[in-house]
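User: I have a chain open here and would like a quick tour. Can you start with the terms and then go through the strands?

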Amino acid sequence: MPDLYGSTSTCCKARNVIVLSKSGGYLSQNCEACGRKCDLSFEDIPNLTCPTCVVPIRPGYSKNGVFSATYVRAWNYGYCCSVCGYLVELAALVPPYAERFPDK
Ligand SMILES: [Zn+2]
Ligand SMILES: [Zn+2]
């Protein structure tokens with residue numbers, strides 16, 4: 001699957017690639033050039049397009065197939081299409097750190 005990018009890295013001014021963090025269980029964004037980890041805040045997550053409707057889908061939070069456009073504690077970053085109801089968690093769309101940065 002294609003890389004998803006967050007903010008620009010402060011270390012190398014490169015793109016930060018969103019991955020499942022090294023220690024697992026949560027998302028991080030890591031500098032594409034050097035692998036340095038940076039926290040992934042909600043403001044940094046990319047805009048996505050619904051694969052079916054090809055319209056922008058809104059980011060929010062989700063857990064167990066439920067979506068919320070507003071913050072819910074301990075829920076994961078997710079996206080929901082307001083047209084068809086397609087719901088996906090960001091974590092399902094990104095690779096594990098070790099797979100994306102095998103030599104880091
Ligand atoms: Zn870097
Ligand atoms: Zn849709």
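Analyst: Helices (H or I, at least four residues) and strands (E, at least two) are DSSP runs, numbered from the N terminus. This is a predicted model, in which local features need pLDDT of at least 70 and side-chain atom pairs count only at pLDDT 80 or more, while totals for chains, interfaces and linings use all residues. Residues are numbered from 1 along each chain as its sequence is written, and chains are lettered from A and ligands numbered from 1 in the order in which they are written.

User: In what order do the elements of the chain run from the N terminus on?

Analyst: The order is β-β-β-β-β-β-β-β-β-α, which comes to nine strands and one helix. The chain is as compact as a globular protein of its length, because its radius of gyration is 14 Å, close to the 13 Å that the globule rule gives for 104 residues. That radius is taken over C-alpha atoms, and the rule is 2.2 Å times the number of residues to the power 0.38.

User: How much of the chain is buried?

Analyst: Buried residues are 24% of the 104. A residue is buried if 20 or more other C-beta atoms lie within 10 Å of its own, exposed if 12 or fewer, and partly exposed in between, with C-beta atoms placed from the backbone.

User: Is strand 8 mostly covered or open?

Analyst: Mostly covered: strand 8 spans residues 76-80, and four of its five residues are buried.

User: Which strands join strand 8?

Analyst: Strands pair if DSSP finds at least two bridges between them. Strand 6 (residues 56-63) runs antiparallel to strand 8, with five bridges joining the two, and G60 stands opposite G78. Strand 9 (residues 87-89) also pairs with strand 8 in the antiparallel sense, over three bridges; there, Y79 stands opposite V88.

User: What sits between strand 8 and strand 9?

Analyst: Six residues, and the two strands form a hairpin. In the turn, G85 has a positive phi of about 85°.

User: Changing topic: which residues other than glycine have a positive phi?

Analyst: Among them are V54, with phi near 55°, and N64, at about 50°. V54 lies in the loop between strand 5 (48-49) and strand 6, and N64 is in the loop between strand 6 and strand 7 (66-68).

User: Why do V54 and N64 count as exposed?

Analyst: V54 counts as exposed because it has 9 C-beta neighbours inside 10 Å. N64 has 7 C-beta neighbours inside 10 Å, so N64 counts as exposed too.
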